[in-house]
Amino acid sequence: MKALSEKEITEFLSLRLAKWRLDRGFIKRDFKFKNFVEAFSFMTAVALEAEKMNHHPDWSNVYNTLSVNLQTHDAGGITNRDLDLAQIIDKIFTMYA
């Protein structure tokens, strides 16, 4: 899978993933929840979808905040798989917002 250019990524983010940002070779987004249980529930839902794609996020969770970083390590950059997973993550988040 081929890494996308910075232009391709920024255009896609502006059109479809406005809450995500490009930073140091990753697309990133932070999520806030009511509490830890809700954050962990969201992470579980995302993990199940990511496993189906065999594409796993780099993320960190502190209480009610989750930071997600996506990059296709094998491609050495951001690919369509990252953009697809970001869209799935956003869709799952609508159930929590």
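I took two strands as paired if DSSP finds at least two bridges between them. Helices (H or I, at least four residues) and strands (E, at least two) are DSSP runs, numbered from the N terminus.

I noted the basis of the work: this is a predicted model, in which local features need pLDDT of at least 70 and side-chain atom pairs count only at pLDDT 80 or more, while totals for chains, interfaces and linings use all residues. Residues are numbered from 1 along each chain as its sequence is written, and side-chain values use heavy atoms, with hydrogens and water left out.

**Strands**

I looked up a bridge partner for Lys32 and found Thr65 in S4. I then turned to S1 and S2, which run antiparallel with three bridges between them. Arg21 has Lys28 in S2 as its bridge partner. The hairpin of S1 and S2 has two residues between the strands, and Arg24 takes a positive phi near 55 degrees there. I checked the cover of S2 and recorded five of its seven residues as buried. Here buried means under 20% relative accessible area, exposed over 50%, and partly exposed in between (1.4 Å probe, protein chains only).

**Helix H1**

I examined helix H1 (residues 6-16) and found Ile9, Phe12 and Leu13 buried. Seen down the axis of H1, its buried residues fall within an arc of 100 degrees, so they line one face of the helix; the arc is that of the directions from the helix axis to the C-beta atoms. I recorded Lys7, Ser14 and Leu15 as exposed on the other side of H1. The buried residues of H1 pack against strand S1 (21-23), strand S2 (26-32) and helix H3 (80-93), where contact means heavy atoms within 4.5 Å.

**Ile9**

I looked up Ile9 of helix H1 and noted that it counts as buried because its relative accessibility is 4%. Leaving aside neighbours within four places in sequence, Ile9 is in contact with Leu4, Leu22, Ile27 and Ile78. Ile9 and Thr79 are 70 residues apart in sequence, yet 8.5 Å apart in space, C-alpha to C-alpha.

**His55**

I located His55 in the loop between helix H2 (36-53) and strand S3 (58-62). His55 counts as buried because its relative accessibility is 5%. Not counting residues up to four places away in sequence, I found that His55 touches Ala50, Gln71, Thr72, Arg81, Asp82 and Leu85.
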